[in-house]
Amino acid sequence: MQFHHHGYVSGDPRVQPALGEGLDRPETLPDEVDVLIVGTGPAGMIMAAQLAQFPHIRTRIIERRAGRLEIGHADGIQARSVETFQAFGFADRITAEAYRITEMAFWKPDPARPEHIMRVARTPDDPEGISEFPHLIVNQARVLDYLAESAANGPARIRPDFGIEFQGLEVEGSGDYPVRVSLKHVAGPESGRERTIRAQYVVGCDGAHSGVRRAIGCTLSGDQANHAWGVMDVMAKTDFPDIRTKCAIQSHAGGSILLIPREGGHLFRMYVDLGEVPADGTNEVRNTSIEQIIAKANAILTPYTLDVRNVAWHSVYEVGHRLTDRFDDVETPDSGRLPRVFITGDACHTHSAKAGQGMNVSMQDGFNLGWKLGHVLSGRSPATLLSTYSAERQVVARNLIDFDKQWSTMMAKRPEEFDTPDELEAFYTRTIEFPAGFMTEYEPSLITNDTDYQALATGFPVGKRFKSAWVSRVCDGNPLQLGHQATADGRWRLYVFADAAPGQADSATQRLADWLVQAADSPLNAPQLGGAWVDGFDIKVIYPTPHEEVSITAVPSVFTPDVGPFALTDLENVFGVIPSDSIFTARGIAREGAVVVVRPDQYVADVLALSDTPRLGAFFKRLQA
């Protein structure tokens with residue numbers, strides 16, 4: 001973390017200096033805003049945290065509740081989300097308070113006594129080591145707290161406006177603030193007051209019953225619910241030996257349980273199978289009491305018992321899978337009209353909770369859209385960039401629903417219905433990369449190039465998230481994860497994997513460095529950035545030798561820029577390899593080197609040769625407003 005380059009900082013370095021809108025942020029919601037976010041759920045709060053890095057954009061986030069969420073229903077945090085939290089600065093802190101999943105136990109009927117269950121397998125949660133980050137369980141409310149802190153500490157100082165309910169909207173023409181939004185104060189001193197504000201863009205992060213979704217004429221469609229589950233967060237006295245291990249429990253006749261231990265050492269969640277829902281009986285199953293859910297759980301756990309001492313929360317839900325046909329207000333994609341209103345998260349895709357995907361995918365929706373709004377409204381990129389949001393995230397949501405259908409169907413099966421005794425645990429192991437959040441792969445588009453040069457960096461697939469690896473920082477010799485040095489600051493990233501040590505004038509790396517600084521078609525010299533290229537790009541170089549063999553004074557200046565008002569030299573962007581674990585080997589980097597272009601949301605946008613500056617220039621040229 002760098003923070004003294006603007007002057008000595010004696011306080012919390014996570015609190016960035018206020019700028020722009022953050023200097024004199026109005027306490028009350030103004031009549032005109034650039035971005036209005038509706039809802040403080042995971043998608044809304046991560047978008048606020050991202051847009052807090054764009055202090056000259058007027059962003060407000062409204063919530064009908066009177067204050068912060070105290071207890072959330074979601075709890076599973078996949079490794080991809082923890083990776084994202086690293087970029088927002090709180091991965092270590094949330095990991096420290098969360099429950100960490102390292103394995104999953106599978107319980108099935110004992111062949112000798114079918115009315116009893118027995119453990120049949122223990123499966124590692126990440127057997128292939130696909131991420132250095134853990135799979136966590138922590139209450140959604142705490143996730144929102146951390147994101148709210150990030151938003152409030154950003155230069156724009158974004159904080160929710162509580163007690164305001166969305167009523168409706170209309171998009172009127174193409175003026176400066178074309179979206180007219182109707183609101184109502186439902187809590188606080190102004191309760192009952194109705195008002196209208198105008199916005200450039202509106203984002204609906206307001207859940208499965210989204211008013212924004214209805215306002216733009218989108219509807220959820222898909223499978224009807226046909227299976228019911230009781231879910232409860234409880235503390236109990238029990239002799240079940242795996243109460244602190246994630247478990248899939250299948251009984252002979254009583255149904256199934258998915259057991260999820262929770263943070264804090266004693267709390268745990270159970271999804272208890274309540275059986276098929278008749279076409280005309282959905283209301284009856286919703287009336288299942290907590291006592292009935294507990295009794296059902298005890299029947300499934302036989303011969304073990306569950307004496308529930310405290311119930312933190314419980315509910316009943318029916319599994320359904322629904323998706324909207326678009327995630328913005330453009331009804332006809334070929335109409336030439338650009339979007340002004342967007343929906344995210346549960347507003348556009350719903351599914352079961354057992355795969356632990358809802359909060360995680362919602363946050364990636366918000367992260368994807370947040371930086372794009374920031375770039376468009378700050379004048380860096382054309383408004384056509386915003387059309388990539390629906391195109392990219394709808395595919396992800398469809399894949400999520402397909403996966404969840406498989407997983408929730410298998411969880412509801414009886415043991416005798418499986419083709420093989422180990423079918424459930426084999427499916428869990430085989431598909432682990434999807435629930436971990438690493439299967440997303442964006443197709444070629446305005447912001448994702450083709451794979452012509454993929455062979456130069458096989459471990460960084462174009463369209464997938466940038467997978468970190470170990471490097472050694474030259475200036476201090478510290479071993480670091482390269483991906484962890486990127487923050488969610490809205491910047492594009494260029495990772496230059498050098499072909500030779502610095503100081504060789506004829507190297508492709510040196511020629512690239514010269515081009516980046518001097519060429520008119522270099523993205524660093526784009527007029528939108530006013531020549532202050534360091535504000536728009538984060539450039540790192542990784543040499544194919546150990547850090548001791550890299551002379552920092554011979555490194556091209558583009559990799560050691562002058563930063564801040566004192567023009568201090570930044571030496572922290574230059575890396576060497578760790579001989580025993582070279583990133584060049586781990587990520588399949590060719591001997592001739594490569595450039596890996598990474599989007600602000602951590603996805604690889606391009607891999608190209610060090611010498612192909614025309615391709616690099618052309619890529620960013622099309623992203624200039």
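Me: What counts as positive or negative here, and how far apart do the centres of the two sets lie?
Reply: The chain carries 59 positive and 81 negative side chains, with the two centres 3 Å apart. Lys and Arg are the positive ones and Asp and Glu the negative ones, while His and the chain ends are not counted. Each charge is placed at NZ of Lys, CZ of Arg, CG of Asp or CD of Glu. Keep in mind that this is a predicted model, where local features need pLDDT of at least 70, side-chain atom pairs count only at pLDDT 80 or more, and totals for chains, interfaces and linings use all residues. Residues are numbered from 1 along each chain as its sequence is written, and side-chain values use heavy atoms, with hydrogens and water left out.

Me: Why is threonine 245 called buried?
Reply: Buried means under 20% relative accessible area (exposed is over 50%, partly exposed in between; 1.4 Å probe, protein chains only). Threonine 245 has 14%, so it counts as buried. Across the chain, 57% of the 625 residues get that label.

Me: What does threonine 245 touch?
Reply: Leaving aside residues up to four places away in sequence, threonine 245 touches Tyr99, Glu103, Ala105, Leu259 and Pro261. A contact takes heavy atoms within 4.5 Å. Threonine 245 sits in the loop between strands E13 (227-238) and E14 (246-250); strands are DSSP runs of E, at least two residues, numbered from the N terminus.

Me: What makes strand E28 largely enclosed?
Reply: Five of the five residues in E28 (residues 594-598) are buried, so the rest of the structure largely encloses this strand. Ala594, Val596 and Val598 point one way, Val595 and Val597 the other way, and all are buried. In a regular strand, side chains alternate between the two faces of the sheet.

Me: How do you know which strands pair with E28?
Reply: Pairing takes at least two DSSP bridges between two strands. E23 (residues 492-497) has five bridges to E28, antiparallel, and E29 (residues 604-608) has four, also antiparallel; therefore both pass the cut-off. Valine 597 stands opposite leucine 494 and opposite aspartate 606 in E29.
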